[in-house]
Amino acid sequence: MHFISITWDPNGVLLDLGFFQLRYYSLMFVIAFSLGWFLMKRIYKNEGQPEEALDSLFIYTVLATLIGARLGHFLFYEPEMFVKDPLSIILPVQFNPEFKFTGFRGLASHGAAIGIIIAMYLYSKRVIKKPILWILDRIVIPVTIGGVFVRLGNFFNSEIVGKPTNSDYGIIFKQLSETFPRHPAQLYEAFGYIIVFAILWYTYWKTNKKEKLGYIFGLFLVLLWTVRFIAEFYKKSQGGFENELGLLSTGQWLSIPFIIAGFFFMFKPSKSKS
């Protein structure tokens, strides 16, 4: 008997009309991008930026997130697929060993982060005509709250689960055909991101740190990837190159460079924005 455990058994589908299915994971992405647009609208209004620039930012961010997360997953966790079944990387189907509709389930947050940084560089040059660190200092605020809903989507899908708790505490993921509780690692991480969002939001609105280019971006890198680093201790292994390096998981190894970069941007001598 598991007296303080919860059996979790959603089927991943919120609405099924036969010809159309609304899945929890897809809904979480819609909420994440919609809330992100609303938050950036407030920031752009405060900065006196035109709404046309916000529309372009939305497109850049959505494409960068999806493409970067998809490529990042296969690059960091399943690089062999570039040879075995390359079409499955860009299409929501697999061809090897048999044809099957899979959807875009392989998404890596580290890849999304790299994709967004590249997209913001292009956006800063082509659209807003400001330093890339200016937009990065602001875009990371909605990106962080978006991460909360992505992890909630993972929880609904019973994926990226935690390690067994070896106790009565935890979540029994029935979709995995298991009878023992695991750590709700997705919820741990989501809660951590809420705290990071609150700190970034306060820093932008209540301090003058946004005047120092790169500070809020650096703070984001340090806090968010520290949360990810800690959460990895409770996660079931996602594979990747951790067996070759040992000690830490693939997610932790990938988080370390982001944390180091964050400290660099926070404390490097720099000019305030003009």
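Tutor: Take helix H7, residues 185-206: its 22 residues should span 32 Å at 1.5 Å a residue, and its end C-alpha atoms are 31 Å apart, which agrees. The expected span is 1.5 Å times one less than the number of residues. Helices (H or I, at least four residues) and strands (E, at least two) are DSSP runs, numbered from the N terminus.

The model is predicted, so local features need pLDDT of at least 70 and side-chain atom pairs count only at pLDDT 80 or more, while totals for chains, interfaces and linings use all residues. Residues are numbered from 1 along each chain as its sequence is written, and side-chain values use heavy atoms, with hydrogens and water left out.

The buried residues of H7 include Ala 185, Gln 186, Glu 189, Tyr 193, Val 196, Leu 200, Trp 201 and Tyr 204. Buried means under 20% relative accessible area, exposed over 50%, and partly exposed in between (1.4 Å probe, protein chains only). Helix H1 (24-47), H6, E6 and H8 are among the elements that cover the buried residues of H7. For the protein as a whole, buried residues make up 49% of the 274 residues, and the fold has 10 helices and six strands.

Leu 224 is buried, at a relative accessible area of 8%. Its C-alpha is 9.1 Å from that of Ser 255, a residue 31 places away in sequence.

Ser 255 is one of the buried residues of H10, along with Gly 251, Leu 254, Phe 258 and others. H10 has 18 residues and reaches 27 Å between its end C-alpha atoms, close to the expected 26 Å. Another residue in H10 is Gln 252, buried with a relative accessible area of 3%. Its side chain reaches the backbone nitrogen of Ser 249 at 2.9 Å. Gln 252 also touches Phe 229, Glu 232 and Phe 233, again leaving out residues up to four places away.

H10 (residues 250-267) also meets H5 (residues 109-128): their axes come within 10 Å and cross at roughly 30 degrees. Axes are lines fitted to C-alpha atoms, for helices over the stretch in contact, with angles from 0 to 180 degrees between N-to-C directions. H5 is therefore roughly parallel to H10; angles under 35 degrees count as roughly parallel, over 145 as roughly antiparallel, 65 to 115 as roughly perpendicular and the rest as oblique. His 110, Ala 113 and Ile 114 of H5 make the contact with Gly 251, Leu 254, Ser 255 and Phe 258 of H10.

Lys 129, in the loop between H5 and H6 (132-156), has a phi of about 60 degrees although it is not a glycine. Lys 129 is exposed, at 62% relative accessibility. Asn 166 sits in the loop between H6 and strand E6 (170-173), with a positive phi near 55 degrees. Asn 166 is exposed too, with a relative accessible area of 75%.

How values were computed
Contact means heavy atoms within 4.5 Å. A polar contact is a pair of N or O atoms within 3.5 Å; within protein, one must be able to donate a hydrogen and the other to accept it, and residues adjacent in sequence count only if both atoms are side-chain atoms.
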